Amino acid sequence: MNKIKKDKGAAKGFTLLELLIVIAILAVLATVAVLVINPVEYLRQARDSQRVGDLAAVKGAIDLYLTTVSTPDVTAGVLGNAARCTAGATNPFTITPCTVSATRTVDGTGWVLVSFSSLSGGSPLTTLPLDPINDATYFYAYAANETANTYELNAKMESVKFGTDQDFDGKDGGDQPTWYEIGNDPALNL
Ligand SMILES: [Ca+2]
Ligand SMILES: [Ca+2]
Ligand SMILES: [Ca+2]
């Protein structure tokens with residue numbers, strides 16, 4: 001009889017101490033979730049993944065152009081070396097100045113100095129991609145040598161995964177350890 005009474009009393013609700021313990025546990029779980037999932041790093045990885053994909057698509061289009069066109073021109077009529085950046089003042093190239101030009105046209109007047117529209121099958125790209133941030137720090141860049149028909153594409157990595165853990169920018173065979181570089185230039189040292 002006495003025991004049943006006690007149980008009824010216990011079922012009335014949580015004590016303040018119990019509530020505090022539950023709140024503390026939830027706070028710890030929330031902190032762990034943020035540390036494990038790390039939404040900022042996750043978004044950076046998504047943008048880096050897009051950068052790698054964007055430059056691969058542009059490289060594919062340029063390589064198609066080089067193997068298809070009889071007299072290719074990777075500097076759109078500019079003599080010697082030429083370079084374009086979509087934004088920003090930082091020059092990722094060593095031997096050519098970088099003209100800022102964010103034009104996305106694919107006829108050689110955009111930031112990639114190749115007339116994709118001259119391909120008989122039409123341009124594989126409808127517009128040139130832009131860096132998902134495209135500011136003074138994160139932007140795409142293109143450099144090419146007019147006589148050798150060599151080129152390189154650059155992008156800045158942002159996430160710990162791409163920039164440090166997998167070191168996309170350091171292990172690309174290029175001359176800039178803090179830029180992700182791809183292209184057909186032998187040492188990627190344009
Ligand atoms: Ca790195
Ligand atoms: Ca590099
Ligand atoms: Ca380079």
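Biologist: How do I read strand pairing here: which residue in S3 stands opposite Ala 83?

Modeller: Ala 83 stands opposite Ala 143 in S3. Strands are DSSP runs of E with at least two residues, and helices are runs of H or I with at least four, numbered from the N terminus. Two strands pair if DSSP finds at least two bridges between them. This is a predicted model, where local features need pLDDT of at least 70 and side-chain atom pairs need 80 or more, while totals for chains, interfaces and linings use all residues. Residues count from 1 along each chain as its sequence is written, with chains lettered from A and ligands numbered from 1 in the order written.

Biologist: In which sense do S1 and S3 pair, parallel or antiparallel?

Modeller: S1 and S3 (residues 141–145) run antiparallel, over 5 bridges. S1 also pairs with S2 (residues 99–100), in the parallel sense over 2 bridges. There, Arg 84 stands opposite Thr 99.

Biologist: Why is S1 largely enclosed?

Modeller: Buried means 20 or more other C-beta atoms (placed from the backbone) within 10 Å of a residue's own. In S1 (residues 81–85), 4 of the 5 residues are buried, so the rest of the structure largely encloses this strand.

Biologist: And the core: which residues touch the most other members?

Modeller: A nonpolar core joins buried Ala, Val, Leu, Ile, Met, Phe, Trp, Tyr and Cys residues through C-beta atoms within 7 Å. The largest one has 35 residues, and Ala 141, Tyr 142 and Ala 143 touch the most other members. Helix H3 (39–68), S1, S3, S4 (150–155) and S5 (180–183) each supply at least two residues of this core.

How values were computed
Buried ≥ 20, exposed ≤ 12 C-beta atoms within 10 Å, placed from the backbone.
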